[in-house]
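Student: I would like to learn how to read a few features of a protein model. Could we start with the way side chains pack inside?

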Amino acid sequence: MERYICIHGHFYQPPRENPWLEDVEVQDSAYPYHDWNERITHECYRQNSASRILGPDKKIIDIVNNYLNISFDFGPTLLSWLERHAPDVYENVIEADKKSREMFSGHGAAIAQAYNHIIMPLASTKDKHTQVVWAINDFEHRFGRKPEGMWLPETAVDMETLEVLAQHDIKFTILAPHQARRVRLVGADQWTDIDRDRIDTTKPYLCRLSSGRTINLFFYHGPTTADVADGRLLQNGEFFAKKLASIFTQNNEQAQLAHIATDGETYGHHHRHADMALAYCLHYIQSNNLAKITVYGEYLEKFPPTYEVQIHENTSWSCSHGIERWRSNCGCCYGRYPSGKQQWRGPLREAMDWLRDRLASIYENRAAQYVPDPWELRNKYIAVINDRSLENTENYLLNSAGRELPYDGKVAVLKLLEMQRNAMLMYTSCGWFFDDISGIETTQIMQYASRAIQLAKELAGQDFEPGFKDILEKAPTNLKEFANGKQVYDAFVKSSSIDLNRVGAHLAISSIFEEYADKVDTYCYSTNIELYDRVDAGIQTLAVGRATIQSNIVLERHAVDFAVLHFGDHNLIGGVNDRMPDDAFFSMQESIKNAFGKGDTTEVMRLMSIVFGGNNYSLWHLFKDQQRRILYELLQTTWQEIEASFRHIYEHNYTIIKIMRGMNMPLPKALSAPAEFILNQDLRRVIENDKSDLKKLKKLADEAARLSLQLDHAMLRYEASHKINELMTRLKNSPQDTALLESIESTIRTLLTVVSELDLQPAQNVLFAVSEQAYVRVRNEANSGEKNAKKWVESFRNLAEYLGVKVD
């Protein structure tokens with residue numbers, strides 16, 4: 001009997017980009033990271049690209065790329081983010097697939113994923129095709145080959161979806177066992193009904209489609225998958241491996257495949273260090289010959305299906321009611337609010353469908369003015385999404401239209417396509433998955449809807465926002481602050497909407513606080529400051545200027561004139577308008593400057609009101625990250641005053657604080673809060689300093705423990721990990737610098753006693769690489785009597801001990 005094991009990881013995050021900026025803005029709930037993509041990359045995706053295998057003494061004996069030995073799919077929008085923001089992880093994923101083809105008979109570990117994780121059975125036929133076409137093309141763009149399989153979001157399936165996959169030459173997909181309805185031998189007449197989860201998951205199945213095409217289906221092993229997902233099997237890699245091997249049926253002479261499929265985030269994000277359990281599991285399977293590691297494509301080629309299957313349509317892996325989680329109050333929930341309190345899902349689906357159909361009509365009618373087949377145009381748009389260079393965009397437009405389009409035509413076509421892209425992004429499944437319409441995943445998809453509404457209004461003059469909001473008004477929330485989805489939309493979505501004038505306002509206002517080059521990119525916009533006239537008078541500043549802004553997405557150009565009056569601190573007003581005639585602008589410039597020069601700010605404001613009308617802007621209109629940076633800069637003096645005040649309270653009451661703690665009395669907040677603030681600040685500064693005062697670091701940490709004060713462990717862990725990784729990067733560049741090595745050793749020794757649960761992965765990676773490249777050679781020199789080599793080896797061994805790496 002031939003035994004094979006395949007572990008599949010479904011790696012996915014919903015697109016989080018602001019649809020007007022095409023980048024992810026700061027998300028406070030991901031603290032201390034910038035956003036959830038960054039946090040989960042740190043906790044999971046990077047960990048799995050360099051996972052540790054521990055020996056019996058719990059020291060690292062090897063570092064492996066888990067992606068090389070599992071089957072996996074990555075969301076295309078997530079890969080796009082990784083390529084820009086975590087290129088090391090991105091390259092490790094791509095390289096793993098490339099190397100895996102050498103291991104698995106030419107079959108890669110990666111399979112595709114429907115483009116932006118929409119629930120396929122609920123999608124229109126045209127959207128189904130575009131999701132699959134975009135996924136295939138994105139996969140080819142990144143992995144350099146055609147995908148053999150494709151992951152269906154939430155494994156949600158119907159026969160039309162399988163038809164679309166087969167039509168586009170996808171050979172297989174993976175489903176949950178309860179999605180199988182009945183089976184029979186290929187060529188037999190009699191079907192056997194399948195009770196829930198009772199299908200034999202150790203073999204592939206053939207599914208015949210009404211078109212005459214076929215597609216292969218794998219059904220993962222449900223109980224073992226559940227035990228992995230909830231973490232029960234991830235405490236011990238050996239137990240994990242043996243559990244997988246227990247799936248095999250004894251006394252079966254046929255080849256068998258034991259396989260599971262879970263969210264990839266299980267291995268590190270949902271369960272800390274679970275990537276190591278996965279790494280050791282794979283290591284144990286291979287070292288003990290429990291089975292052969294394989295991927296689906298290889299197994300399918302070696303052992304084609306001998307059984308065929310029919311499925312339960314409109315089912316999924318994460319909703320026991322089929323696919324109702326994404327359109328009704330079925331009872332499935334995540335746990336923040338009680339089951340049965342998700343009545344908002346139905347109206348949200350209704351609003352999105354209502355909007356989709358109206359946008360499709362505009363798109364089809366207007367795109368037909370430029371190209372013979374608007375839907376084929378949309379399918380090919382993925383080539384532009386993956387390469388926004390002007391040359392590529394221009395070539396796409398030329399080839400699609402068969403002629404050189406005028407400027408207005410190019411902008412119109414690109415706006416139509418962006419309207420459609422956002423109309424699909426607004427269906428990302430996470431928008432319905434969680435418990436309330438006010439959650440960040442749901443407001444995110446409403447932002448995509450809002451962007452599509454904006455583009456439809458610009459293109460066709462039709463405003464769908466009132467009708468869209470009327471439907472959202474029927475969606476109740478679980479928060480007291482909001483009665484319904486309409487209020488959530490107004491609070492979190494409408495305020496995020498951006499036009500080119502607001503881009504100009506962002507440029508003008510931020511220019512008060514930092515210098516800009518004449519030409520600069522601001523997110524997905526290129527800006528050219530043609531004139532900038534700044535006058536400072538004490539704490540007040542006046543800036544008047546002209547700029548041209550171009551969207552790098554739809555190529556629309558817009559010329560603006562602006563004026564900003566800064567009174568000091570956070571008080572300012574700005575005006576932005578479409579480009580006015582030169583004589584009007586220069587007259588305005590002179591009048592406002594004259595008034596400002598006389599100190600008549602009231603007159604300046606009056607003139608700005610006349611010139612710019614209601615187009616007034618303030619710090620509220622800055623983009624989120626810049627807004628946060630500027631406010632923190634403005635608060636520097638305030639922070640210093642607060643710190644001075646808290647330090648005075650702490651130092652002048654230090655004796656009484658010690659006495660109270662000595663008597664085991666709880667400190668009142670008026671004393672504990674200033675003390676905690678000061679100790680956290682001091683600890684952070686010591687850690688950040690290029691030459692950390694290790695004695696002071698230890699003293700501060702001991703003081704916090706002695707006084708039972710709460711430290712900001714998330715912040716300290718983040719800063720200390722960053723410090724260690726920075727030091728190890730220096731060692732990577734100068735591996736034989738003994739003084740540097742000794743300094744790193746002492747710093748890490750102290751940090752490990754002060755801050756718990758440090759992220760040591762990058763440091764361990766460097767140490768492991770230096771160990772393989774230089775350790776043996778320097779050790780040989782030390783054994784020959786070379787004094788500096790002896791010091792280096794001693795420090796290196798100590799450092800390895802602290803980092804848990806086995807070097808001898």
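Student: Which residues touch the most other members of the largest nonpolar core?

Tutor: A nonpolar core is a set of buried Ala, Val, Leu, Ile, Met, Phe, Trp, Tyr and Cys residues joined through side-chain atoms within 4.5 Å. Buried means under 20% relative accessible area, exposed over 50%, and partly exposed in between, with a 1.4 Å probe and protein chains only. Here the largest core has 173 residues, and I7 and F240 touch the most other members. A second, separate core of 55 residues includes I678, L740, L741 and A782.

Student: What do these values rest on?

Tutor: The model is predicted: local features need pLDDT of at least 70, side-chain atom pairs count only at pLDDT 80 or more, and totals for chains, interfaces and linings use all residues. Residues are numbered from 1 along each chain as its sequence is written, and side-chain values use heavy atoms, leaving out hydrogens and water.

Student: Which residues does I7 contact, leaving aside neighbours within four places in sequence?

Tutor: Contact means heavy atoms within 4.5 Å. For I7 the partners include I70, F240, L244, Y267 and C281.

Student: How do I read an aromatic pair?

Tutor: A pair of aromatic rings is described by the distance of the centres and the angle of the planes. Rings of Phe, Tyr and Trp (its six-membered ring) pair if their centres lie within 6.5 Å; planes under 30 degrees apart count as stacked, over 60 as edge-to-face and the rest as tilted. The whole structure holds 38 such pairs. In one of them, the ring centres of Y67 and F72 are 5.6 Å apart and the planes are at 65 degrees, so the pair is edge-to-face. Both Y67 and F72 are buried. Ring pairs also link these two with F11, Y45 and F74 into a cluster.

Student: How far apart in sequence are the parts that Y523 and F623 tie together?

Tutor: Y523 and F623 form an edge-to-face pair, with 5.8 Å between centres and 70 degrees between planes. Y523 lies in the loop between β15 and β16, and F623 in the loop between β20 and α22, so the pair ties together parts 100 residues apart in sequence. Helices (H or I, at least four residues) and strands (E, at least two) are DSSP runs, numbered from the N terminus.

Student: Is each of the two buried or partly exposed?

Tutor: Y523 is partly exposed, at 30% relative accessible area, whereas F623 is buried at 1%.
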